[in-house]
Amino acid sequence: MVELETVPPFFADKQELLDEILGRYPEYGRRSAVMPLLREVQHAERYVSEARLAEIGEIVGMHATEVKGVMSFYSEYHGEPVGTYHLQVCSTLSCSLAGSDELYDYLVEKLGIVNGEVDAEGRFSLQKVECLGSCGSGPVIQVNDTYYERVSRSRCDALIEALSRDEVPEPWRARGGDNEGADKADFLMHTVAAGEGETR
Amino acid sequence: MSVLDIAKGMGVTLGHLFKRPVTVQYPEQRATVQPRFRGRHHLLRHPDTGLEKCIGCSLCAAACPAYAIYVEADENDPENPTSAGERYAKIYEINMLRCIFCGFCEEACPTGAIVLGHEFELADFRYQDFVYAKPDMLVGTKGSKWQRREAEKKGKDVRLGFEAGPRPELEGVDY
Amino acid sequence: MKVTINDVSMDFAPGTSVIDAVFAAGYDVPYFCSQEYMSPIGACRMCLARVGAPRKDREGNWILDEETGEPKIFYFPNMMATCTTQVMEGMVVDTLSDDVKRVQNGMVEFTLINHPLDCPVCDKGGACELQDRAYEYGTGESRFVFDKRHQEKHHPLSEVITLDRERCIHCKRCVRYFEEVPGDGVLDFIERGGHTYIGTLEDGLPSNFTGNITDICPVGALLDTTSRFRGRNWEYDHTRSTGMDDAGGSAIVIDARTGRIERIKGALNPEVNKTWIDDGTRFGHEYVDADDRLRSPLVRKDGELVPATWEEAAQVVRDRLGGLSGKDIGIALRADATLEEGVAAKALAEALGTGQLDHAPRPAASVVPQQAPATLTDLATADAIFVVGDVTEEVPIADLRIKDALKGVTPPEMMAHGVPIADLRLKEHPVFHRERLSVAAPYRVDLMKHAGRTASYPAGGEAALFAALQAIAEAQDAKAEDAEAAAVQLDDGQRAALGMSLADAEALVRGLREADNAVVVIGGFVLATRAAAAAAATFAKAVGAKQLILGPMANSYGLELLHVGPSHDRYAYPGMLEGARALILSNLDPAQDPDVRATLEQKDFLVVHDLFLTETAKIADVVLPARSVYERDGTTVNLEGRFLPLQAAPVDAGESEDFVGVVGALGDALGQRLEGRSVRSARRVLRKRFELDPAELGPSGELYRPKGRPAPRVSIRSDEAVGGNVLVTPSMLRVEYLERNPHLLALSGGSRLRVNPADAAQHGLGDGEAVSLRVGGVVRRARVRLDAGVPAGLMLLPTLPEQPVGLAHADLATLTRDERELEVAG
Amino acid sequence: MGLRDLFEKDVQELENEGILFSSLEKLVAWGRSNSLWPATFGLACCAIEMMQSTNARNDMSRFGSEVFRASPRQADVMIVAGRLSKKMAPIMRRVYEQMPDPKWVISMGACASSGGMFNNYAIVQNVDSVVPVDIFVPGCPPRPEALVYAVMQLQKKVRGEAFDQQGVELPMVEGWSR
């Protein structure tokens, strides 16, 4: 536990929180507390370092590897630091039909990072995720905790451009109606030739 | 038995005087070997990379009814591998006197590394000279141990006393 | 409970798993994840079968079938994993129908989807469960046309274990093994779904029992690095023998090929080691094939040791010993000699008319309990255990059996097909009842992780420790008689001797005496002085606990039973080195001590029987090549008094002979038919002596209990000889052979001098520094390892056969950087 | 050229001019090598191939070894063709003894040379342990050409041109070196 010596323990000053969480479970079920503890760390530090894994293991009586096993099972926990804005692109069927693959490629070339990477100044990180449960209004990007649905090239550009100014734009409501088709068609491979996006 | 019968018999004999002799003037004239003839073994290489096909799994040794094959494997050096994959045959020996040329090794080999060729001119003087190691069998080596020994001494190249149907895999690999 | 399997119906105890019922009925069902002595979890889904049972209606009557009138069988909607299903009254199991076959085909196919087909290069090939199951239950050809999962191949989990992540089929055996058997989990699944792989965050595998996962892995994912690519499974000669690295007597299988020992695996002995063995036993075999192994006798001719035949050597011995009277000759064996060798040595001593016969190392106190001896099964079922010493290093198997006791699950009943495959009483993530275990040692030992109470008493204070505990016990007795009696009173000295709080000590004593089955495990530190051993015995008697005494070496118990000992105190081993004019030493190397070397050089005649040209052999007149413990036929007795068979593996050891052979050769030279001239004649003696036939021992050996008390025996060390600045600790690894075991050397980092950081700073020692030091005379080379668990002012050093466990004096002036750097990997 | 040249020129030059110098030994060896009469010792399937080697197609008489002698008294080389059972060994030894010196032995086929796949109690695991073998012929059985090749090998040996893997010159007759 070399990290433990260097990094101050996360729960050292959060005794009451710790008691609250552990209090939810009977003594023999102490292991169950691993999930809420992981979530605390994830929310606070936006990723779970090995030192934290070991610390949580100490608390709930599991070994660090076991905690790592639990953590790595869930995609919302991150083993490495993510960017300030963690872009998660849904890649499941309906979004994919709505052009999320092209959206992803677009982001890759725009940000110069691929799945699981963080860009140079640590602002953006990109991840392909499974269904975000917004199938009716794909393609979807989830930036940290906010959904941005029906992403078109223009909207994507706007979003990225705003984020790079550290302004988190209000998620536009997914309108129905006429321009829906336009927005969707934007990222549809078979309809869009190169540069056609600019004409809209 | 009448004279006629004798004449008939002599006729047959005389008739043969005018037929071409069937004798094959081996070794000057080469013996013809059928493509499926099983002679001395060859260890093959991958034509493209030149790596040995043998991975030292010693399944041939397991299949050999005469226990003529001995294999010792080792781990490949990742920098310059001997064979494809992790494992290669450090030692691969066949006792040609034990071997009964049944071709089971050929069938057992998962990578098609060992193939029985056409060379049958293996006669030699000393028992211990019949243990053929990798350099004696790797594809590209021509002739039996004695033939190469003699050729080396005389400074000529090996002349094989047979011709056979095409066996592309035995032609050797240039790399 | 009556259960019908296909056409067989049998009775089973409640709680039996269906898979065991199927096997007991003589049918087969494939499985990967279940494993003897481990919890069933139904991870592989391979053991699916169609299972049904009758139901009762509300009134509690069986629901009957209209036509037959029999109880109607309601089948479970899906196939059940038989390893996690309990048998029920009237249950019906079907493992042969086409539905079941189809499911089994499907599961095999599914398991094979991501399993690489590199069986020809896989060390498991030929002994692979997946191979067999795919052959028996598979479809024959694959429909899977896509790319298989690609992950890291030959990833070194540690110096001795290679992990191939592509081959893993996620049966979770290794994960469960570490959590359940040694109790220190290090492995787990990382990621999910198709990306799942086995990994660890701890560096390496911090456990002493890692090798077992290579045995239980059903595929070639976890492999023994020492035998990597050394041979195929059908090429090995499997010899079942007994591990001789410690007094545990684990059953092992020695796999040899073309005269080389390639690997050692654990074998089943339900009474002793179940199927587990420690890493020292498993990986510590490479020295046998070392290049500098002696292969023929050497005789000193004009100052040079030259090769000779056995006959010549025997002649020389006879001629040189002829001139000497019997009392000038000393004979000493190492304590891992077999009983047969002991008999031979006794016979030789008798023939030569000498009383100077001994085995070494031999602790001051007896290793045969005078009363209430415990077996390892007692240990595994004990509900209160008090350990004094470092049991993990002394007898690793005992450590595992203690963990069994902490889990509180009694050993399973044998079934028709052997050990139950799925013992449903075992649960994943078992709870270890720490409070049952108390550990006392002068420094922090490994077992303290699992102990409810730990005591670190001052080194050499074992006698005082037991005296104090005795006082507590007596006080408690007094209190039990009349409640007004004074509470336990201890003076400061006794409190210090306890090394734990008085409350703890009282709880410990109470726990021991209240337990139905209490065991006191007495380690080498206690045996170092007779006073301590006596105190321990009295304490154990007082609290009504059984004793388990950890002998220093594999056959200490047996050789003591056999009285391979001197006729008088001063003839014992160390004294013998001084007194005798001629010596016959088997596998002993006393000349590591320069002073002893000087005396040995003065001897008239010195015969050394050893594996290598040791320091002593270099100055010997005759050197005889010895057989390693893997090459001997014979009998050994483990720490619980169990006779266990040794079989010789087919190893090319040149002309080497065990001590029986030596005595045979000398007997021929002397023209006498000695009793121990052959294993058979030696066994004749043993049969008379112990009323059991060593040739007829069962696979799990035979427990022997001496009638009455063992005869009194002489000591080798006076009790005053306690004290010193270095504590020689027991070691799981054979330090004398460590440098010839490259893999084990890399794993352990060589023999270690463990020093408290403060002391290290004072002596100017850095971590990992190679030093040499004279400890009790013997020149020891070791690597410094800073360890806060070591008490200040004390250094810890692993034991040698010539350096018994206990305190020793070291001249710190001789503490120098080792000029000859040990080549240590890592 | 004149008689004088014989004394003035050295041997090499004369040989170049076509005058042959040969030692009697070489001459004898040449004679022996070209009249190797085999004694039949057909024991098994190899014997069939041995017979083939003398038939019209590949006729061994081209090498002067056409006449298979039923009597060992008139034979020079014994061709052991087939697996030799331990019961047969003494008989074969006697036949060998009865052959007049110089005599040679060809061990034909895997069984005769090494026991082949018959690694059992009944079969001699190498004929060399009974009689000194000059030539081993691998094959199961060796084809006639292989035997013819073996005879050519034997001729080399008789002419003293044989050497082993270490380059050691081999004796003209194996039996003499024992």
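Predicted model: local features only at pLDDT ≥ 70, side-chain atom pairs only at ≥ 80, totals over all residues.
**Chain A**

I started with burial: 32% of the 200 residues of chain A count as buried (20 or more other C-beta atoms within 10 Å of a residue's own, with C-beta atoms placed from the backbone; 12 or fewer is exposed, in between is partly exposed). Residues are numbered from 1 along each chain as its sequence is written, and chains are lettered from A and ligands numbered from 1 in the order in which they are written.

Next I looked up the secondary structure of chain A, and found 10 helices and four strands (DSSP runs numbered from the N terminus: H or I of at least four residues for helices, E of at least two for strands). Along the sequence, the pattern reads α-α-α-α-α-β-α-α-β-β-β-α-α-α. I also checked contacts (C-beta atoms, placed from the backbone, within 7 Å). Among those in chain A between residues at least 6 apart in sequence, 60% join residues at least 24 apart.

**Who touches whom**

Which chains share the most contacts? Of the three pairs of chains in contact, it is B and D. I found 33 residues of chain D and 29 residues of chain B in a contact. On the side of chain D that touches chain B, helix H6 (109-114), strand E4 (135-137) and helix H7 (144-158) of chain D each supply at least two residues.

I looked at two pairs without contact. Chains A and B have their closest C-alpha atoms 29 Å apart, and for chains C and D the nearest ones are 18 Å apart.

**Cores**

The largest nonpolar core has 256 residues, with Leu379(C), Ile385(C), Val521(C) and Ala536(C) having the most contacts inside it (a core is a set of buried Ala, Val, Leu, Ile, Met, Phe, Trp, Tyr and Cys joined through C-beta atoms within 7 Å). Helix H12 (residues 462-481) of chain C supplies the largest share, nine residues. Another core, apart from that one, has 82 residues, including Val115(B), Phe130(B), Leu36(D) and Val124(D).

I then checked Leu379(C): leaving aside neighbours within four places in sequence, its contacts include Ala374(C), Ile385(C), Arg401(C) and Leu548(C).

**Helices and a sheet in chain C**

How do H8(C) and H22(C) lie to each other? They are roughly perpendicular (65 to 115 degrees; under 35 is roughly parallel, over 145 roughly antiparallel, the rest oblique). Helix H8 (residues 339-352) and helix H22 (residues 679-690) of chain C pack at about 90 degrees, axes 9 Å apart (lines fitted to C-alpha atoms, for helices over the stretch in contact, with angles from 0 to 180 degrees between N-to-C directions). Their contact has seven nonpolar, no polar and two charged residues.

Last, I found an open sheet of three strands in chain C, ordered E12-E13-E14 with antiparallel pairing (pairing takes at least two DSSP bridges between two strands).

Conventions. Nonpolar A, V, L, I, M, F, W, Y, C, P; charged D, E, K, R; others polar.
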